[in-house]
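Trainee: Could you take a close look at one part of this model with me, and then help me see the surroundings it belongs to? I am new to this structure, so please go slowly.

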Amino acid sequence: MGTDPNLTVSLDHDIAELGATFRGSVSRAPVDGQTNDQTLGKVRAVRIALNYATSGRGDVDSKSYAMVEFPVDEYGLVSAEFALTVPADSPISYDGGLIRVGWFIEARTDRQLATDDKLSIDVLVIPHNGSGYYDRPHPIHA
Amino acid sequence: MLGLVIAGALLFGAFVAALAGAVFFTIILFLITLAVSGFVIPRALEARAWHAAELHLPQSPLSLGSVTAAEFVRRSKKSTKFGHPAQVHTQLRCVESVTYTVGTDTRTDTESMFEKRRTVDGGFTAGTFTATLPIQIPVERGAPTMDLGHNEITWEFEIKGSGRTLPKRRITFTLTVQPVLAVPESLPQDAQDA
């Protein structure tokens, strides 16, 4: 799986409390004036999802939330805004002894008969009332 | 009661095996009997004299940084007058637990991320022991309760009686800590330093 050099994702904020929303925009530029049908591995859509995955000593637990899909035009162009809400009952970003929980927003370029490209941006999910207190995963050691 | 029946049956089996001359089998059955008895007998004796332990929390679930006082209650089944002073030892722990696969084996590792021990005085009133136990959830160690499948975080509150009257057996209560930060401005400094 590679990266799509024409795909750009930007976020308003990269920190959100549980139950809050990550907002941002996604854009995909056309390839040198070619129509999408002329491009090798025709782009069908761009998908954005909010995910978490554990790392550390234990086997990986992961989950994907709130996927949104944007169809592309005839030149493979996308320009859209998105909002992904963090479920209130999901885990927070955590950096412990045996367990780490990392959150990321992943954009995938869905290609026909070709491997999808992806772009991943790390984000921070913090406890309720944690705004202004956290600038890294829980716990913040003194 | 069932445990005592099992222990009795095991002891009878060991006796029969000894009569039959099966030395190895006798030793194995005798050791199993000892282990079962060691587990069952203290609980059986405790259940004859005491009702189940109770822990009353003014708020549940708890939050990160919350400071509260739980009431521990142990009611005696006997009408004995208790004049002896009594204390309980408490231990609050946050434990990470992970499972992972090595080949065809599934292994589990645990690590304590936070521990706080206290000794608290209590008192008897009409055969009931009560103690007010402080519980302080730190902001800067441990984490909210979670169970993701292979990765789990739990909070345990362990209580053990001290003195001549209270049972000595450790009792463990599981606490739930939600992913909510107690309002930062209201957090006492020692809650953050705990």
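**A chain end and its surroundings**

Mentor: Let's begin with A:Pro139, which lies in the segment after S9 of chain A. Here helices are DSSP runs of H or I with at least four residues, strands are runs of E with at least two, and both are numbered from the N terminus. Residues are numbered from 1 along each chain as its sequence is written, while chains are lettered from A and ligands numbered from 1 in the order in which they are written. Please keep in mind that this is a predicted model, where local features need pLDDT of at least 70, side-chain atom pairs count only at pLDDT 80 or more, and totals for chains, interfaces and linings use all residues.

A:Asn129 counts as partly exposed because it has 18 C-beta neighbours inside 10 Å. A:Arg136, in the segment after S9 too, is exposed because 12 other C-beta atoms lie within 10 Å. The C-alpha atoms of A:Arg136 and A:Asp95 are separated by 8.9 Å, although these residues are 41 apart along the chain.

The hairpin of S8(A) and S9(A) has 5 residues between the strands, and A:Leu113 takes a positive phi near 55° in it.

Confidence is worth a glance here. pLDDT is the predictor's confidence in each residue, from 0 to 100. Chain A has a mean pLDDT of 88, with 90% of its residues at 70 or more, whereas chain B averages 84, with 86% of the residues scoring at least 70. The model as a whole scores ipTM 0.86 and pTM 0.81.

The peptide bond from B:Ser60 to B:Pro61 is cis, with omega near 0°, and B:Pro61 sits in the loop between S1 (54-56) and S2 (62-64) of chain B. B:Ala126 has a positive phi of about 50° without being a glycine. Where is B:Ala126 found? The place is the loop between S5 and S6 of chain B, in a hairpin with 2 residues between the strands. B:Ala126 counts as exposed because it has 9 C-beta neighbours inside 10 Å. S5(B) and S6(B) run antiparallel and are joined by 3 bridges, with B:Phe124 opposite B:Phe129. On S6(B) there is also S3(B), residues 67-75, joined to it by 9 bridges in an antiparallel run.

Finally, the two chains touch. Residues are in contact if their C-beta atoms, placed from the backbone, lie within 7 Å, and this contact takes 24 residues from chain A and 27 residues from chain B. On the chain B side, S4 (86-102), S5 (105-125), S8 (151-162) and S10 (177-181) each supply at least two residues, and S4(B) gives the most, with 5 residues.

Notes:
Contact = placed C-beta atoms within 7 Å. Pairing = 2+ DSSP bridges. Buried ≥ 20, exposed ≤ 12 C-beta atoms within 10 Å, placed from the backbone.
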